Amino acid sequence: MIDAHTLRTTCLDFNGAAEEFPFPRHPDVSTFKVGGKIFALTTLTGAPLTVSLKCEPELAERLRAAHPEVVPGYHLNKRHWNTVSLDGALPDRLVLDMIEDSYDLVVASLPRAQRLLLDWPGERRL
C-alpha cells in the first residue's frame, strides 16, 4: 500500500519535480509541480490518503468505471483529473503508473526547451 512517504518520494523522484504548499487557507495541501504546473495534489496527512492526478479524459472515465477508488477530481476539472484513494484496494503498480502518466501529461504540455532541460524520456519519442 502506498503511504504518504512513498507518495511524496515518488512524486519528487521525477526530473524537475518540486513540492509546494500554495494555498495559505489550506497549508496542509501539498502540490507536486514540474515546470510550474501541478501534476499531483494531496493532503499527506489525510485519512484515507488521496491524491489527485491529471489523466487523459478517456482513460479517466475507464479508470473510474473499473475502480470505485478512482473518482472525478475533487475541486478540479473533472474531465482531466481523478482523485484516487490510496487505501490499499488498488495495486501499487497501477497507482505508480497513474502518477507517472500525470507527470508525463504535464511535461508534454511544456515548451520544448523545458522538456529538453528535464531530460524527459518522452521527448526522445516525439
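Of the 126 residues of the protein, 39% count as buried. The model is predicted.

**Start with everything shown.** The trace spans about 40 × 35 × 25 Å. A compact globule with 126 residues would have a radius of gyration near 14 Å, and the protein agrees with that because its own value is 14 Å. Now count contacts between residues with a separation of 6 or more. Of these, 43% link residues 24 or more positions apart.

**Switch to cartoon.** The protein has five helices and six strands. Follow the chain from the N terminus: the order is α-β-β-β-β-α-β-β-α-α-α.

**Select 81–85.** Is β6 mostly covered or mostly open? Covered: five of its five residues are buried. Show the side chains and look at each face in turn. In a regular strand the side chains alternate between the two faces of the sheet. Trp81, Thr83 and Ser85 sit on one side, and Asn82 and Val84 on the other. Both faces are covered.

β4 and β6 pair in the antiparallel sense, over five bridges. For a landmark, pick threonine 50: serine 85 in β6 stands opposite. Next select residues 70–72, strand β5. β5 also runs antiparallel to β6, and three bridges join them. Here the landmark is valine 71, which stands opposite threonine 83 of β6.

Phenylalanine 39 counts as buried because its relative accessibility is 0%, and the cut-off is under 20%.

Proline 48 lies between β3 and β4. Check omega from alanine 47 to proline 48: the value is near 0 degrees, and the peptide bond is cis.

**Go on to the loop between β5 and β6.** Select histidine 75 there. Its phi is near 60 degrees, positive in a residue other than glycine. Most residues other than glycine have a negative phi, and most peptide bonds are trans. Is histidine 75 buried or exposed? Histidine 75 is exposed, because its relative accessible area of 67% is over the 50% cut-off.

**Finish at the largest pocket.** The largest pocket holds about 430 Å³ of space. Of the 19 residues that line the pocket, these five, Val29, Leu41, Thr43, Tyr74 and His75, are the closest to its centre. β3 gives the most, with four residues. Last, colour the lining by class. There are 11 nonpolar residues, eight polar ones and no charged ones.

How values were computed. Residues numbered from 1 in each chain as written. Predicted model: local features only at pLDDT ≥ 70, side-chain atom pairs only at ≥ 80, totals over all residues. Heavy atoms only, no water. 1 Å grid on protein atoms, 1.4 Å probe; cavity = no way out; pocket = protein on both sides within 12 Å on 5 of 7 lines; lining within 4 Å. Points joined across faces, edges and corners; volume = space filled by probe spheres on them. Helix = DSSP H or I, 4+ residues; strand = E, 2+ residues; numbered from the N terminus. Nonpolar A, V, L, I, M, F, W, Y, C, P; charged D, E, K, R; others polar. Buried < 20%, exposed > 50% of the residue type's maximum accessible area, 1.4 Å probe, protein only. Pairing = 2+ DSSP bridges. Rg over C-alpha atoms; globule rule 2.2 N^0.38 Å. Contact = heavy atoms within 4.5 Å.
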